[in-house]
Amino acid sequence: MPNAKLKNYLHLHFLVFIAGFTAILGELITISAVSLVWFRMVMASVLMFAYIKIAKVKLKVSPKAIIKFSLAGVIIALHWITFFGAIDASNISITLAMFSTGAFFASFIEPVIYKRAIIWYEIIFGIVVIIGVFVITQSEFKYINGIILGISSAFFSSLFAVLNGSFLKQHTATVISFYEFLSGVLFISIYIFFFGGGFSAEFFNLSTSDFGYLFILASICTAYAFIASVYVMKLISPYTVVLTYNLEPIYGILLAIVLFPEKEKMTLEFYYGAIVIIATVMLNGVIKNIRTLKRNPS
């Protein structure tokens, strides 16, 4: 039994490592953020559909549910576009540091969606995170566009996570994701058709390396990571999963420093600000876990 538990924890950390590696792929892929996300969602949709057929998952849902999933699909598409856009406008370190602010957007979005009171310590932590962002902005103002896009990405990610949490009460995660991916593809396709120059032959002319990185992104970092994370959450406390996923920026930034030492070289003030943000997010997760255990000691 202890070995099985250790195996599940190692699997969870591997999934968090994959999440951190997503940013590395964003740096390696040379096409624009919008095109990148379109290819990612198309490939992931195909892979997800194959899984649905093999697992014989039923896709039938109400029209009202499809509308809700479609809205969430647009939000996750915007999250990914702003995330990879932030990498293009700055670098991986800035993007992941800003992405860490997402937990505090969730602290204010959750009360609206779930109609609960705002928790006092979340407001204090939110102020501390703002200070961390301010320190980074002052020292790395040349990356201001990346900082804004990174914070926008964190907001969309939090909104998506909170909405998905409400969907999971009535529908399976696989079905939800499939419809979200399809709606995301449709949304980006409409944008490309009207504002992005359309789907020319050049659009589909990917280099071998870009295609390979995109396939890894869509298969391992999207389809596999999602299905596996749902499986892991059945075996490990959701709070432990959420807390562990807070390590994503740390893994990602360390990987970026090793792989792109020149581009990822930052000022000392950046690391002070990043440590403040990430440490506050992790402390928030620890306190929430303790409060939950007190309410549900079993």
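## Basis

Helices are DSSP runs of H or I with at least four residues, numbered from the N terminus. The model is predicted, with local features needing pLDDT of at least 70 and side-chain atom pairs counted only at pLDDT 80 or more, while totals for chains, interfaces and linings use all residues. Residues are numbered from 1 along each chain as its sequence is written, and side-chain values use heavy atoms, leaving out hydrogens and water.

## Second largest pocket

Helix H5 (102-114) and helix H6 (120-139) each give at least two residues to the lining of the second largest pocket. H6 provides the largest share, five residues. A pocket is an open set of points on a 1 Å grid over the protein atoms alone, where a 1.4 Å probe fits, with protein on both sides within 12 Å along at least five of seven lines; lining residues have an atom within 4 Å of a point.

The lining includes Thr101, Phe104, Phe108, Gly126 and Ile151. By class there are eight nonpolar, two polar and no charged residues, with Gly counted as polar.

## H5 against H6

The axes of H5 and H6, lines fitted to C-alpha atoms over the stretch in contact, come within 10 Å and cross at roughly 145°; the angle runs from 0 to 180 degrees between N-to-C directions. Phe104, Ser107 and Phe108 of H5 meet Glu122, Ile123, Phe125, Gly126 and Val129 of H6, contact meaning heavy atoms within 4.5 Å. This contact comprises five nonpolar, two polar and one charged residue.
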